[in-house]
Amino acid sequence: MKIFESLTLNHTGPRCQNCAHFQSDPALIEQTYPGLATMSSGYASVRDRDGLCNFHQVYLSGRDNCESFVAGRVEVEQEH
């Protein structure tokens, strides 16, 4: 299955930010995308809840969800 077929962007349901596969550590993001620090930073506020999915190997919003969700973090509603 293609990754984009399995992702449900900005949909209701368990969010990627609460998945065991989701990594949002800014240092890890900068390590994964070395050129990022040239233009911005993994610590930038514009990154919001974005992070890396270790299962699908993609960078995505923490608000997204997919059928591969594995509970790893407590669901917390933090809409701005």
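**Note on the predicted model**

1. Start with one contact. The side chain of Ser61 reaches the backbone nitrogen of Arg63 at 3.0 Å. Ser61 sits in the loop between β4 and β5, the latter being residues 65–66. Ser61 is buried, at a relative accessible area of 16%. The cut-off for buried is under 20%. Note that this is a predicted model, and the values below are computed from it.

2. Arg15 and Arg63 are 48 residues apart along the chain, yet their C-alpha atoms are 5.3 Å apart in space. Arg15 belongs to the loop between β1 (7–8) and β2. Arg15 is buried, with a relative accessible area of 15%.

3. Asp64 is in the loop between β4 and β5. At 5% relative accessibility, Asp64 counts as buried. Asp64 and Cys16 are 48 residues apart in sequence, with 5.5 Å between their C-alpha atoms. Cys16 comes up again below, in the cavity lining.

4. Now the overall layout. The protein has three helices and five strands. From the N terminus, the order of elements is α-β-β-α-α-β-β-β. The protein has 80 residues, and buried residues make up 34% of them.

5. The sheet comes next. Three strands form an open sheet in the order β2-β3-β4, and the pairing is antiparallel. Its edge strands are β2 (22–23) and β4 (58–60), each of which pairs on one side only. Strand β3 covers residues 51–53, and β2 pairs with β3 in the antiparallel sense over two bridges.

6. One backbone angle deserves a look. Phi of Gln57 is near 60 degrees, a positive value in a residue other than glycine. Gln57 lies in the loop between β3 and β4. Is Gln57 buried or exposed? Gln57 is exposed, with a relative accessible area of 61%. The cut-off for exposed is over 50%.

7. The ring centres of Tyr33 and Tyr59 are 5.9 Å apart and the planes stand at 90 degrees, so the pair is edge-to-face. The cut-off for that class is over 60 degrees. Tyr33 is in the loop between α2 (26–32) and α3 (36–39), and Tyr59 is in strand β4, so the pair ties together parts that are 26 residues apart in sequence. Tyr33 counts as partly exposed, at 36% relative accessibility. Tyr59 also counts as partly exposed, at 35%.

8. The largest cavity has a volume of about 80 Å³. Eleven residues line the largest cavity. Which of them lie nearest its centre? They are Cys16, Cys19, His21, Cys53 and Cys66. By class, the lining has eight nonpolar residues, three polar residues and no charged residues. For anyone reading those classes, Cys counts as nonpolar.

9. The cavity lining draws on elements already described. Cys53 falls in β3, which spans residues 51–53. Cys66 falls in β5, which spans residues 65–66. Both Cys53 and Cys66 are among the residues nearest the centre of the largest cavity.

10. Ser68 is found in the segment after β5. Ser68 is buried, with a relative accessible area of 17%. A polar contact of 3.4 Å joins the side chains of Ser68 and His56. Contacts count within 3.5 Å.

11. Gln31 has its place in helix α2. At a relative accessible area of 62%, Gln31 is exposed. Gln31 and Gly42 are eleven residues apart in sequence, and their C-alpha atoms are 9.1 Å apart in space.

How values were computed: Residues numbered from 1 in each chain as written. Predicted model: local features only at pLDDT ≥ 70, side-chain atom pairs only at ≥ 80, totals over all residues. Heavy atoms only, no water. Pairing = 2+ DSSP bridges. Helix = DSSP H or I, 4+ residues; strand = E, 2+ residues; numbered from the N terminus. 1 Å grid on protein atoms, 1.4 Å probe; cavity = no way out; pocket = protein on both sides within 12 Å on 5 of 7 lines; lining within 4 Å. Points joined across faces, edges and corners; volume = space filled by probe spheres on them. Phe/Tyr/Trp six-rings, centres within 6.5 Å; stacked < 30°, edge-to-face > 60°. Buried < 20%, exposed > 50% of the residue type's maximum accessible area, 1.4 Å probe, protein only. Polar contact = N/O pair within 3.5 Å; in protein donor to acceptor, adjacent residues only side chain to side chain.
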